[in-house]
Amino acid sequence: MAAYRIIALPGDGTGREVMNEALKVLGVFQENGPIDFEIKVIPCGGQHYLETGEQWPEGSFEICRDESDAILLGAIGWPEARLPNGDVAGGEVILGLRSGLDLYANVRPVKLYKGVNHKVHGVHKEIWDSSLVDLVMVRENTEGLYHSLLRRMAQSAVGKKDEKLVIEKFPGLEGEFRWDPRPISRNGSERIHKFCFELAERRSIKLGVPQSVTCVDKSNVLRGCQLFRSIFREVAESYPGIEAKEAYIDAFTMWLVRDPEDLDVVVLPNMFGDIATDLASVLQGGMGMAASANLGDHHMMFEPVHGSSPKHAGKNRVNPIAMLSSLQLMLENLAIRHNDSVLEEFGNVLQESISQHLSSNGPKTYDIGGQGTTSEVGDAIASRVAHLLTADEKGSQR
Ligand code: IPM
Ligand code: MN
């Protein structure tokens with residue numbers, strides 16, 4: 001019997017609750033199919049740090065690296081849980097694994113299921129009636145990623161010789177400041193672009209519709225983004241069958257909300273991807289629906305895009321579907337990596353169960369307009385999985 005080693009990292013807050021539902025559903029696959037999932041649960045995160053003084057037990061990184069076929073993560077982050085140096089407690093788990101296991105592709109599907117209200121186009125009337133949108137956005141305009149460019153421009157504007165005037169006119173960083181370099185490399189860009197074109201090729205076949213890849217960056221301003229885009233163009237030449245499109249991140253945010261149907265695969269540098277995927281989740285019904293895979297050449301980790309939501313923690317009310325869809329991505333990607341057709345079928349069964357559940361009258365959580373609890377939704381999807389698996393079984397015996 002095939003066996004897969006799964007490490008479960010529940011983490012903080014609601015991460016623990018949605019992980020319970022994922023393990024419940026995985027248990028149904030285990031009971032009704034010919035695959036053994038060897039599950040090891042490791043406590044971790046900010047709450048664990050507050051309780052024990054460590055982010056996870058010593059040796060956990062090595063276990064994840066050397067003794068897992070896939071890692072499932074709930075959520076990391078808890079208010080006040082900070083390391084003495086100010087960094088987020090639990091960062092060693094989520095960021096340590098992303099970086100330490102070289103999980104270079106953070107894949108975040110944005111899919112609106114039938115039965116789920118699109119949060120932008122689906123609830124206009126309520127938004128208008130209650131004036132929910134009433135805000136002022138203020139952009140700091142002198143520092144951050146733009147600082148060095150502004151400085152270069154100032155120097156060229158007043159003349160390099162007059163350094164004193166430059167300092168007087170543009171005081172820049174004399175006082176206290178923090179500096180976060182934002183390196184973007186040829187190797188890092190090349191592999192993520194290749195990953196995206198290959199994904200677009202697979203999706204074109206699977207969906208029967210030609211898929212494009214859109215490169216999103218700020219290459220009109222930033223050096224790193226210029227490298228990112230020029231390598232995108234180089235890589236695109238090797239995939240003449242896939243349309244290559246380009247956008248600047250600022251205009252992209254508008255297109256994403258206005259015309260999401262024009263986009264297929266989208267590739268973004270890390271920080272822009274972090275921000276734009278939270279925005280994109282709104283188009284699929286919110287963060288309770290957004291799943292992700294962190295894939296490298298040798299390891300993989302799956303997690304919902306949402307965080308630990310301290311204000312909802314312990315109330316059995318958050319949506320477990322982002323976590324269950326992450327589990328679906330795990331089954332799908334393990335199947336590809338191990339060329340395992342049973343796992344592929346498991347992935348399809350879970351996809352179908354989630355989709356059937358959402359268009360049914362079954363329990364839904366508050367975020368998508370229902371009154372159901374986390375565990376009720378998990379139970380409902382688990383029983384659909386059991387039902388589909390036994391139907392499959394009967395079908396294959398006939
Ligand atoms: C995410 C999160 C993380 C990130 C945090 C928790 C470090 O926001 O997965 O999007 O910034 O990547
Ligand atoms: Mn994020």
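**Figure 1. Ile94 in helix α4.** Ile94 is part of helix α4, which spans residues 91-100. The model shown here and in the other views is predicted. Is Ile94 buried or exposed? With a relative accessibility of 15%, Ile94 counts as buried, because buried means under 20%. Beyond the neighbours within four places in sequence, the contacts of Ile94 are Leu73, Ile76, Met301 and Glu303. Gly77 can also be located from here: its C-alpha is 9.5 Å from that of Ile94, and the two residues are 17 apart in sequence.

Figure 2. Which residues are found around ligand 1? They are Leu95, Arg98, Arg108 and Asp274. By class, this shell has one nonpolar residue, no polar residue and three charged residues. For Asp274 the distance to a ligand oxygen is 2.8 Å, and for Arg108 it is 2.9 Å. On its own, ligand 1 has 320 Å² of accessible area, and the protein covers 66% of this.

**Figure 3. The aromatic pair Phe29 and Phe346.** How many aromatic pairs does a search of the whole structure find? The search finds three. In the pair shown here, the ring centres of Phe29 and Phe346 are 4.7 Å apart. The planes of these two rings meet at 35°, so the pair is classed as tilted; planes under 30 degrees apart would count as stacked, and those over 60 as edge-to-face. The two residues come from distant parts of the chain, 317 residues apart. Phe29 belongs to helix α1 (residues 14-32), and Phe346 belongs to helix α13 (residues 341-358). Both Phe29 and Phe346 are buried.

Figure 4. The rings of Phe197 and Phe232 form a tilted pair, with 5.5 Å from centre to centre and 35° between the planes. Where in the chain do Phe197 and Phe232 lie? Phe197 is in helix α8 (residues 186-207), while Phe232 is in helix α9 (residues 223-236). The pair links distant parts of the chain, as its members are 35 residues apart. Phe197 is buried, and Phe232 is buried too. Tyr239 also belongs in this view: ring pairs join Phe197, Phe232 and Tyr239 into a cluster.

Definitions and conventions: Residues numbered from 1 in each chain as written. Chains lettered and ligands numbered in written order. Predicted model: local features only at pLDDT ≥ 70, side-chain atom pairs only at ≥ 80, totals over all residues. Heavy atoms only, no water. Helix = DSSP H or I, 4+ residues; strand = E, 2+ residues; numbered from the N terminus. Buried < 20%, exposed > 50% of the residue type's maximum accessible area, 1.4 Å probe, protein only. Contact = heavy atoms within 4.5 Å. Near = heavy atom within 4 Å. Polar contact = N/O pair within 3.5 Å; in protein donor to acceptor, adjacent residues only side chain to side chain. Areas by Shrake-Rupley, 256 points an atom, 1.4 Å probe, with all protein chains shown as cover. Nonpolar A, V, L, I, M, F, W, Y, C, P; charged D, E, K, R; others polar. Phe/Tyr/Trp six-rings, centres within 6.5 Å; stacked < 30°, edge-to-face > 60°.
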